[in-house]
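User: Please take a close look at the sheet and the helices packed on it. How are they put together?

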Amino acid sequence: MTEEEKKGSDFERLLDESVRIHGHLCPGQVLGVRMSMFGLGKAGITDPRGKDRKNIIVYVEIDRCATDAIQSVTGCSLGKRTLKFMDYGKMAATFVNLGKKDPGTNRFRGVRVLAKEESRNTAMNYFPEIKEKYQRQTAAYKVMPDDELFAWREVSVEIPEEDMPGRPLRGLNVKNAESMCRTGERSERKACFYAGPVQGGRITRSCTDGFIFSSQLRFIFFIIHHQYIIVSLTQCS
Ligand SMILES: [Zn+2]
């Protein structure tokens with residue numbers, strides 16, 4: 001088997017897997033699989049779900065179909081703390097190689113891959129015989145060259161210790177809350193806690209910014225990849 005044939009069969013296998021997890025074949029699945037294969041290759045990660053599984057973190061910048069494909073190909077997930085969601089609304093992902101650390105820092109080398117905005121139009125130059133737009137896009141994304149689909153650059157990313165995979169560094173009890181806030185120094189300062197005593201205690205971001213879940217229901221159930229996740233609704237969670 002030539003290198004090109006092997007790449008093709010790897011692609012088909014990875015696409016099959018991601019379609020099974022995502023639930024349907026769509027342009028996002030093809031794009032996400034291609035983006036992952038491309039980004040992993042550029043980042044020097046050859047076996048993300050095997051020998052390199054402890055050496056990878058992926059930052060995704062959008063919650064769309066392609067994100068499921070990225071999760072499927074890389075094996076990274078929120079639960080493993082190896083998938084980070086940055087809500088930037090960009091069809092982009094950064095593949096960080098934890099094996100490439102800048103000495104004396106928390107900075108790691110990676111590759112940010114951005115789906116080119118114009119690739120949607122370029123896709124329409126392919127397969128004129130396919131009339132339906134999404135089917136045509138799906139077929140085109142399978143065969144378009146990488147440089148028509150993606151822009152990329154090498155980046156370095158500072159990853160604080162508490163954002164690394166593994167158990168949370170510590171948990172802190174929160175005033176009036178039934179649940180503990182599991183955090184680290186940085187998230188305490190930047191994301192989860194607002195510094196300083198508030199009415200004699202500390203409060204979480206969900207207290208001050210408003211908790212988005214209505215208190216009409218006692219519990220909300222999320223289903224993520226066949227696992228039920230229960231969020232209890234309290235005044236301050
Ligand atoms: Zn989809």
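Gly-110 stands opposite Val-155 in strand 5. Strand 4 and strand 5 are joined there as antiparallel partners, with 9 bridges. Strands pair here if DSSP finds at least two bridges between them. Strands (E, at least two residues) and helices (H or I, at least four) are DSSP runs, numbered from the N terminus.

This is a predicted model: local features need pLDDT of at least 70, side-chain atom pairs count only at pLDDT 80 or more, and totals for chains, interfaces and linings use all residues. Residues are numbered from 1 along each chain as its sequence is written.

Axes are lines fitted to C-alpha atoms, for helices over the stretch in contact, and angles run from 0 to 180 degrees between N-to-C directions.

Next, strand 3. Strand 3 (residues 92-101) pairs with strand 1 (residues 56-60) in the antiparallel sense over 5 bridges. Ile-57 has Val-96 of strand 3 as its bridge partner. Strand 3 is also antiparallel to strand 4, through 7 bridges. Here Ala-92 faces Leu-114 of strand 4. Strand 3 and strand 4 make a hairpin with 5 residues between them, and Gly-104 in the turn has a positive phi of about 75°.

Residues are in contact if their C-beta atoms, placed from the backbone, lie within 7 Å.

The helices also meet each other. The axes of helix 2 and helix 3 come within 7 Å and cross at roughly 45°. The two are therefore oblique: under 35 degrees counts as roughly parallel, over 145 as roughly antiparallel, 65 to 115 as roughly perpendicular, and the rest as oblique. Residues of helix 2 in this contact include Leu-31, Met-35 and Leu-40; those of helix 3 include Ala-69, Ile-70 and Val-73. The contact residues divide into 10 nonpolar, 6 polar and 1 charged. Ala, Val, Leu, Ile, Met, Phe, Trp, Tyr, Cys and Pro count as nonpolar, Asp, Glu, Lys and Arg as charged, and the others, Gly among them, as polar.

Methods
Two residues are in contact if their C-beta atoms, placed from the backbone, lie within 7 Å.
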